[in-house]
Amino acid sequence: MGPLLGAALASVVIVAAGLPAGYLVARRLPLALLFAPLATALAATVAVILMITCGGPFVGWLLAVLVAQYGLVFLLLRHRPRAPLPHAGWVDCLCYAVPLVPPFTALRLAPTQWDAHSIWWTHAAYFTSSGAIARAQLGNPWMYFSHTDYPPLLSAAVAVAWRVSGPNFWTAQAASAVVTFAGIALLAYAVRTVTAIGPPVLSRLAGVLVALSAWGFAVVAPAGGLADPLWASTFVAGCVMLLVGPTPGGLTLPLLLLTVSALTKNEGFIAVAELAVLTTLRDRRDLHRAWRLWLPVAAGFLWSRLARHYGATSDLVAGGHFAEFLHGDPAVWHRLRPIGDSMATLLGLITGLSAVSAALGTAFLRRQRAALGLGADLWLWLAYGLFFVTLTITYLTSPNDIAWHLATSADRVTVPLTLLVVASSAIWGVTAYAACVGTDGAGGGTTPAEVIMPAASLKLTTAAAAPMKFAPGGKP
Amino acid sequence: MIAPLLIGMAIVVGVIGLHGARDATVIGYQTIVQHSQDPAEVARAARYHSVVEQVREKVPDGATVFVPQTPDLTDTVTVEWEQRLPEIALMEGHDVVSDAAEADYWLRVVQHGAGATLVVEKKH
């Protein structure tokens, strides 16, 4: 089988294998197709964890997990009927997916990205074999360069692809890209869901703009086999759905997206844990909702403990200067200036503009935003702030030369921050449009108000349907 | 007044955020339509492929292999192969051990220009 045919076949299998679970989540085929690669990657991750824990071959565990998953899907579809997720039809899903195709043509670049090989595909190489070999490599001190403690999701998807069409770097790059494509498309879906207060065209445009920001300064990362765009897009999708909302489809999809993020990279795990703290604070009066937001954190923690148990480590964990950081060592704090310069170059303009937009929106449209059923923008900025601080501390305490470390990673790891600020601005833009046309509609007699403000008009309709109840003096 | 301003700012921020996707599209277009991409990366991909083929030919199925490492991090060619060889060996179904005494074969690569030759030393 040629490399391109093998890559195509593996990609089809990755979509097809996750389609039942995707349908269970979305209850509509178009969105199920977009979610399917993430479902396959999650199933493969479970298979990898079981393989490492119990031993045996990867293929056996993968088949067992998929069969169990299909059984569960069958039972849940039969006994737990529910409405499809909103905005999950063909037109919407094509709007999420088609604009992503042109930048993903970079998939035809030669598969030579250093970290894709040294980290993600090396892990995939030992995941494809057996539990014994995977455990040995996790604790192999000579695999130190490979960050063996990194979570397994993207590598597990590549392992599936290699088991389908044989080991090949083109196949690895294609499998990584298919899973990343799904994550970025679902970010567009998340923004579309929370901006449904606006007209569909504007809401879809907002989703696409945010999703296309996932390339940031790391131009070849999404199609090149790197994990950062995947964890960043699924993390920000979760942020948008949980912090801004509303989430008419419930918590299942955002929690699954956050689980993908936490199981893709250590930074994703930390960011998801920070988000769980924020959402718990935000929903502190609704602990029934809040406790479930910790499930993705538990998944990331489980992998972290398992990897440590078998001796996995990375340069940041093994050689980090955290004690020196806490003691105010000048050698550590001396690194702050180049870190600040790099962050300002990568994030300064876009963050500054978005901050002005957020400040103006909060000053003038806060009440209208709340009336439209959207959460405060401040929560997105708190998520930004927490991860910004995390990144800064990571660079401060890193054992690597700071110039080298920034040059080789800052463009990739700042992608979630870029996505958060673009999401903030896009949501304010749609909010402003909805508020503006709503005001015009009331004052100028134009008609679109009820079309673009379903949440607000629903409340008004409810009130108008029982006028007596709200009349001064009660029922006449 | 505030609404048009916020809508305009959202568009500006969104367009600024598009630069990476635009560059990726240009790179993809050049790769597919114009058949042009960085020759150094094409050569590197060819070397990787060549070493994969050599591992298939020269290392028996299921062998235990060892990849010696250099302490000289400035020797980037050697460092790169020290990271690629475990990946390729594991991908091809071999077990990569950290103890040289447990290995059936020692692997290293000699790179010469655009080519790369796998050197296999039998140890048992």
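Is A:His123 buried or exposed? A:His123 is buried, because its relative accessible area is 0%, and anything under 20% counts as buried. Keep in mind as you read that this is a predicted model.

A:His123 sits in helix α6 of chain A. Leaving aside residues up to four places away in sequence, A:His123 touches A:Ser146, A:His147, A:Thr148, A:Tyr150 and A:Ser155.

One of those contacts, A:His147, deserves a visit of its own. You will find A:His147 in the loop between α7 and α8 (153-165) of chain A. The phi angle of A:His147 is near 50 degrees, which is a positive value in a residue other than glycine. A:His147 is also buried, because its relative accessible area is 13% and the limit is under 20%.

Look at A:Arg27, in the loop between α1 (3-26) and α2 (29-54) of chain A. A:Arg27 is not a glycine, yet its phi is positive, at about 60 degrees. Is A:Arg27 buried or exposed? With 11% relative accessibility, A:Arg27 counts as buried.

Further along chain A comes a peptide bond to look for. The bond from A:Gly245 to A:Pro246 is cis, and its omega is near -5 degrees. A:Pro246 belongs to the loop between α12 (228-244) and α13 (252-262) of chain A.

Now move to helix α20 of chain A, where A:Gln368 lies. A:Gln368 counts as partly exposed, because its relative accessibility is 34%, which falls between the 20% and 50% limits. Although A:Gln368 and A:Ala434 are 66 residues apart along the chain, their C-alpha atoms are separated by 8.9 Å.

Next, let's see how the two chains meet. How many residues of chain A are in contact with chain B? There are 54, and they are in contact with 51 residues of chain B. The size of an interface is often given as the accessible area lost when the parts come together. Here, chain A and chain B bury about 4300 Å² between them, with 75% of that on carbon and sulfur atoms. On the chain A side, A:Thr112, A:Trp114 and A:Trp142 lose the most area to chain B, and together they make up 16% of what that side buries.

What kinds of contact cross this interface? The rule finds zero salt bridges between chain A and chain B, but ten residue pairs in polar contact, both residues being at pLDDT 80 or more. Several elements of chain A give two or more residues to the side that touches chain B, including α6 (114-127), α10 (200-212) and α23 (415-444). The element that gives the most is α20(A), with ten residues. Sorted by class, this side of chain A has 38 nonpolar, 15 polar and one charged residues.

We finish with the strands of chain B. Strand β1 (residues 64-66) pairs with strand β3 (residues 105-112) in the parallel sense, over two bridges. In this pairing, B:Phe66 has B:Trp106 in β3(B) as its bridge partner. β3(B) also pairs with strand β4 (residues 115-122) of chain B, in the antiparallel sense and over eight bridges. There, B:Val109 has B:Leu118 in β4(B) as its bridge partner. β3(B) and β4(B) form a hairpin with two residues between them, and B:Gly113 in the turn has a positive phi of about 65 degrees.

Key
Residues numbered from 1 in each chain as written. Chains lettered and ligands numbered in written order. Predicted model: local features only at pLDDT ≥ 70, side-chain atom pairs only at ≥ 80, totals over all residues. Heavy atoms only, no water. Contact = heavy atoms within 4.5 Å. Buried area = accessible area lost by both parts, 1.4 Å probe. Salt bridge = Lys/Arg side-chain N within 4 Å of Asp/Glu carboxyl O. Polar contact = N/O pair within 3.5 Å; in protein donor to acceptor, adjacent residues only side chain to side chain. Helix = DSSP H or I, 4+ residues; strand = E, 2+ residues; numbered from the N terminus. Nonpolar A, V, L, I, M, F, W, Y, C, P; charged D, E, K, R; others polar. Buried < 20%, exposed > 50% of the residue type's maximum accessible area, 1.4 Å probe, protein only. Pairing = 2+ DSSP bridges.
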